[in-house]
Amino acid sequence: MTDYAIETANVCRDFGRRRVIHDVSLRVPRGVVYGLLGVNGSGKTTMIKLLMGHLRPTEGTIAVLGRSYPADLLAIRQRVGYVSENRYLYDWMTVEETLHFAAAFHERWDWKKARRLTDRLQLDPTMKVRHLSRGNRARLCLIVALAFDPELLILDEPTSGLDPVVRRDVLESVIVEIEQEGRTVLFSSHLVEEVERIADWVGILHQGRLKISAPLEEVKASMKKVRLVLNGREPDFGQLRGVLSVEKLASEYILTLGEVNDEVLARLRRWSAREPEIISPSLEDVFVESVRAEVW
Amino acid sequence: MNWTKARALLWKEWRETRWKFLAFFLAFHPLVWISAVALLVDEEHWFTFQTMPAKTAYQVMEGLVFAQSMFTLTAGLFLIVFYAASSASREIASRRIFFLLERPVTRWSVLSAKYALSGLQAYALMALTPLTTLLAAYIGVLLVSHTVTLEASWGHVFPLMGTAFRIGLWRGVVGVMVFSLVFSFSVVFEQWWISMGAGIVAVIALFYFFGKSLILSILEPARGHRGEFSLDMFGDLSRETVLITLLVAIGCFLLSQILFQRKQMV
């Protein structure tokens with residue numbers, strides 16, 4: 001059994017003449033919550049559709065739970081729970097009918113779990129889907145995706161359009177529960193704070209390219225920020241090795257650097273009126289820099 | 001595909017199409033509605049109907065079967081086009097089909113269930129309506145007429161029912177062919193009205209190129225040795241016609257499967 005729940009190699013995807021996914025080699029270890037971060041239009045949904053076998057890659061290979069498309073499509077779907085961004089459901093069905101309908105397709109459907117989740121997420125089984133709020137639609141999709149105990153759960157923008165209560169109490173708690181059961185979760189989001197709160201691995205996708213894919217702490221450690229108060233006129237920051245960006249805030253400068261070694265620190269001390277302050281960047285800082293500077 | 005999946009797919013299709021089927025079933029009986037309205041709005045017609053001799057009543061029923069069978073083969077085919085145009089496209093265009101495509105079920109099964117149920121309904125519309133028109137007329141006659149009784153009329157009407165049923169069976173084959181063609185359009189075009197337009201053009205082309213042969217192939221068997229017209233033989237289609245029609249239907253079904261397999265929905 002492979003150590004990775006998802007393994008792609010040099011995946012490219014074209015729409016007509018336009019390439020929207022460029023050479024993505026993604027590896028998601030088993031048992032982690034992996035947050036795929038990217039701005040709107042960065043290719044997250046296309047990447048997820050490729051992972052789900054809804055789209056075929058123009059180039060490259062995709063393996064999910066050690067199996068590949070299209071030969072193992074049904075076997076993969078028996079083991080992968082998926083909630084799409086648009087949460088497709090049949091409006092004319094009731095909640096109960098939706099569950100019965102979905103149950104017919106999954107060999108490992110667990111009715112006890114489905115009932116427990118329905119109660120916990122406070123869904124009325126007799127209610128028509130068309131009368132459900134966005135939050136309740138998300139809840140129902142999540143129940144359908146979880147009730148057959150999937151080894152891998154893929155969620156495309158699971159919290160988009162949801163209020164903070166649904167976000168935190170429902171989706172995030174469920175995701176964490178899944179992780180505690182030792183299963184793998186991959187979710188996409190453009191909300192950095194959400195990814196930072198629940199993911200333990202992070203991938204940043206920008207313009208169809210995977211800029212980084214690593215454990216959260218490693219991603220955050222890959223960059224440093226230094227607060228500087230100058231003792232004279234503005235120096236040429238370009239002289240510094242690994243400088244990614246310079247931000248001026250009143251009399252202070254915030255420098256973002258790929259690496260802060262002794263040589264860099266000595267030079268900063270020369271320029272600074274007081275000891276330069278090294279700040280740990282947030283995931284948002286890393287994300288913004290990786291998207292803006294395109295240095296990865 | 002196992003039985004549980006097949007049953008779930010067919011259940012979904014039935015629940016989605018049952019009201020549409022009922023509406024079309026009613027629309028396939030214009031002669032019944034026209035007759036009913038004519039009788040209700042004019043007392044003179046009502047009186048004529050009540051006092052009509054039994055022999056005339058049987059002739060009226062024969063005429064209705066003939067007229068209904070001609071209706072199914074002309075206007076009915078356009079109704080089938082309308083029926084089939086949205087059969088696959090509506091779910092594809094709304095992307096609701098993704099609920100199914102996210103499950104462990106093949107596209108082949110999803111489309112087969114859709115085709116099987118809607119195709120069966122289209123066949124039923126074409127095949128059953130000559131018989132149901134006759135039944136509606138017969139029940140109306142029995143309820144209203146002073147001259148026709150069940151005991152006396154059964155011997156005349158029962159063979160006519162058999163003829164109406166047989167007529168319907170063969171008309172249904174033509175209906176399934178048209179349904180299959182438009183079904184394949186509805187897989188390609190996500191806007192149902194484009195499928196409908198393409199279907200109408202196809203049916204007009206069918207009539208333009210094969211209409212005469214089709215009509216003759218229906219009428220010829222009904223012409224007796226002395227030139228008289230026999231309704232008993234009217235329903236039959238030649239074996240060649242049935243075979244070609246079924247082959248076209250199967251071809252269209254396989255084509256729609258291939259198109260659906262290749263269709264990439266974003």
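Three cavities of 30 Å³ or more are found in the structure. Here a cavity is a set of points, on a 1 Å grid over the protein atoms alone, where a 1.4 Å probe fits but cannot get out, and its lining residues have an atom within 4 Å of a point. Grid points are joined across faces, edges and corners, and a volume is the space filled by probe spheres set on the points. Rolling a probe the size of a water molecule over the atoms shows where empty space is left.

The model is a predicted one, in which local features need pLDDT of at least 70 and side-chain atom pairs count only at pLDDT 80 or more, while totals for chains, interfaces and linings use all residues. Residues are numbered from 1 along each chain as its sequence is written, chains are lettered from A and ligands numbered from 1 in the order in which they are written, and side-chain values use heavy atoms, with hydrogens and water left out.

**The largest cavity.** The largest cavity holds about 50 Å³ of space. Its lining includes Y82(A), R87(A) and C141(A), together with F99(B), E102(B) and R103(B). The elements that give two or more residues to this lining are β7 (80–83) and α5 (134–146) of chain A; helices (H or I, at least four residues) and strands (E, at least two) are DSSP runs, numbered from the N terminus.

**Where the chains meet.** Chain B brings 28 residues to the contact and chain A brings 25 residues, with contact meaning heavy atoms within 4.5 Å. About 2600 Å² is buried between the two chains, and carbon and sulfur atoms give 65% of that area. On the chain B side, F99(B), E102(B) and P104(B) lose the most area to chain A, together 27% of what that side buries. Buried area is the accessible area (1.4 Å probe) that two parts lose on being put together, summed over both.

**A glutamine to look at.** Q78(A) belongs to helix α2 (residues 73–79) of chain A.

**Buried residues.** The table gives relative accessible areas; buried means under 20%, exposed over 50% and partly exposed in between (1.4 Å probe, protein chains only).

| Residue | Relative accessible area |
|---|---|
| Q78(A) | 11% |
| V291(A) | 17% |
| L65(A) | 5% |
| R95(B) | 14% |

**Backbone details.** Most residues other than glycine have a negative phi, and most peptide bonds are trans. Phi of L65(A), however, is positive, near 50 degrees, and L65(A) sits in the loop between β5 (59–64) and β6 of chain A. R95(B) also has a positive phi, about 65 degrees, and is placed in the loop between α6 (89–93) and α7 (98–101) of chain B. Y69(A) and P70(A) are joined by a cis peptide bond with omega about -5 degrees; P70(A) lies in the loop between β6 (67–68) and α2 of chain A.

**Chain A as a whole.** Chain A has 10 helices and 15 strands, and 53% of its 296 residues count as buried. Its C-alpha trace spans about 70 × 40 × 35 Å along the principal axes.

Terms used. 1 Å grid on protein atoms, 1.4 Å probe; cavity = no way out; pocket = protein on both sides within 12 Å on 5 of 7 lines; lining within 4 Å.
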